[in-house]
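Please consider the following briefing, which goes through the structure by topic. The sequence and the model are shown first.

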Amino acid sequence: MFTILFFDEANTTEAIGVIKEIMCDKSLGGKPIHIHEQLKIVAACNPYRKHKEELIKKLEQAGLGYHVDADKTTDRLGRVPMRRLVYRVQPLPQSMLPLVWDFGQLNAGVEELYIRQMVLRYISDKRLPDLQNLADVLSKILGACQNFMRLQEITMALILALGVCYQACLKRRQDFRDMIVEYFEEPFHLLDMSGQIFEHKNVQLDDNIAMNQALKENVFMMIVCIELRIPLFLVGKPGSSKSLAKTIVADAMQGHTARTDLFKRFKQVQMVSFQCSPLSTPDGIVGTFRQCAEFQKAKNLDRFVSVVVLDEIGLAEDSPKMPLKVIFVVEKIKIY
């Protein structure tokens, strides 16, 4: 039989160095210690996770003791102020890192057992009435709620992937949608993601602008590709809402300052345009990418993205200096 010494939330204490010394160095205060072979030491650590930008802004606006500006505080974990973390944690010593094991998430079966144990404990503590079948029914309800929330996220990701990878390449798109919808069944719950983006409360358009199919598709593709940092070539005749879509996206994707809750979940975008022409040069395009890279410095790239917009890119094909060749080597010259 083993005895387990369990350090819970080990990285929330400034004494993490002592825990490391015991676990890794088998010493205490620099003096060797003998640990019995039947004694096993386990430490649980909280994850390094930041609050969402919306919550950070609300906390800082509310005061809550934040009298020192976040950029000036010395209470940090690396570059991140401690108060912006979900858990107040200390950096793990380097010698502990090889011992770290990601617990991950519970699978549905184990999660249901865990929920059931919690319900039974509440019943045992008289915090819930001891009614017949209460534990079984309540556990199933809570388990189903957890599973539904996970599946919503999976379905959302699947629909976005189908829209970008398949539908955008087709001419008969309605036929594709009619066909693919027949394959959506449990556990997937079909959501109209592109329709949600264009609810009247999420995108503000003037009365003289029609939300036609071309505009919807352009905005949808731009938002998804910007959010995931996927290069996008938007091809269309004059008047097919390319520039209008760019204006709408730039106005809507303002991060935590966006007008609607939907777009507050997306990155803040800053677009830098380069007007292509037969006189365009490779240096001009590279310079625009470098300018975007400068905008992204010291920014949280999970919440901010700088986008290069090459207007009328077809005109640059006539340049004798072949500036478009540089697009294929932008990543290699480490502009990002």
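Arg172 is exposed, with a relative accessible area of 65%, where exposed means over 50% relative accessible area, buried under 20%, and partly exposed in between, computed with a 1.4 Å probe on protein chains only. The side chain of Arg172 meets that of Asp175 in a salt bridge, with 2.7 Å from N to O; the term stands for a side-chain nitrogen of Lys or Arg within 4 Å of a carboxyl oxygen of Asp or Glu. This is a predicted model, in which local features need pLDDT of at least 70 and side-chain atom pairs count only at pLDDT 80 or more, while totals for chains, interfaces and linings use all residues. Residues are numbered from 1 along each chain as its sequence is written, and side-chain values use heavy atoms, leaving out hydrogens and water.

**Salt bridges**

- Side chains of opposite charge can pair when their charged atoms come close.
- By the rule given above, the count comes to 7 salt bridges.
- Asp175, the partner of Arg172, counts as partly exposed at 37% relative accessibility.
- Lys267 and Glu227 form another salt bridge, their closest N and O atoms being 3.7 Å apart. Lys267 lies in the loop between helix H9 (261-264) and strand S7 (268-275), and Glu227 lies in helix H7, so the pair ties together parts that are 40 residues apart in sequence. Both Lys267 and Glu227 are buried.
- Arg259 and Asp251 are also joined by a salt bridge between their side chains, at 2.6 Å from N to O. Arg259 counts as exposed at 54% relative accessibility, whereas Asp251 is partly exposed with a relative accessible area of 37%.

**The chain as a whole**

- The protein chain holds 10 helices and 8 strands. Helices (H or I, at least four residues) and strands (E, at least two) are DSSP runs, numbered from the N terminus.
- Of the 336 residues of the protein chain, 31% count as buried.
- Among contacts between residues at least 6 apart in sequence, 63% join residues at least 24 apart; a contact means heavy atoms within 4.5 Å.

**Helix H1**

- Helix H1 covers residues 16-25, and its buried residues are Ile16, Ile19, Glu21, Ile22 and Met23.
- Lys26 follows H1 and has a positive phi, near 55°.

**Helices H3 and H4**

- Two packed helices are described by the angle between their axes and the distance between the axes. The axes are lines fitted to C-alpha atoms, for helices over the stretch in contact, and the angles run from 0 to 180 degrees between N-to-C directions.
- Helix H3 (residues 108-124) packs on helix H4 (residues 134-165) at an angle of about 140°, with the axes 9 Å apart.
- H3 and H4 are therefore oblique to each other; angles under 35 degrees count as roughly parallel, over 145 as roughly antiparallel, 65 to 115 as roughly perpendicular, and the rest as oblique.
- The residues of the contact of H3 with H4 divide into 9 nonpolar, 3 polar and 6 charged. Ala, Val, Leu, Ile, Met, Phe, Trp, Tyr, Cys and Pro count as nonpolar, Asp, Glu, Lys and Arg as charged, and the others, Gly among them, as polar.

**Helices H7 and H8**

- The axes of H7 and helix H8 (residues 242-252) come within 9 Å and cross at roughly 50°. H7 and H8 are therefore oblique to each other, and their crossing is right-handed.
- Leu215, Asn218, Val219, Met222, Ile223 and Ile226 of H7 meet Lys242, Leu244, Ala245, Lys246, Ile248 and Val249 of H8.
- This contact of H7 with H8 is made up of 9 nonpolar residues, 1 polar residue and 2 charged residues.

**Two buried residues**

- Val203 is placed in the loop between helix H6 (193-197) and helix H7 (213-228), and counts as buried at 6% relative accessibility. Val203 and Asp251 are 48 residues apart in sequence and 9.1 Å apart in space, C-alpha to C-alpha.
- Ser306 is found in strand S8 (residues 304-311) and is buried, with a relative accessible area of 10%. Leaving aside its neighbours within four places in sequence, Ser306 is in contact with Gln270, Val272, Cys292, Phe295 and Gln296.

How values were computed: A crossing is left-handed if the near helix is turned anticlockwise from the far one by less than a right angle, and right-handed if clockwise.
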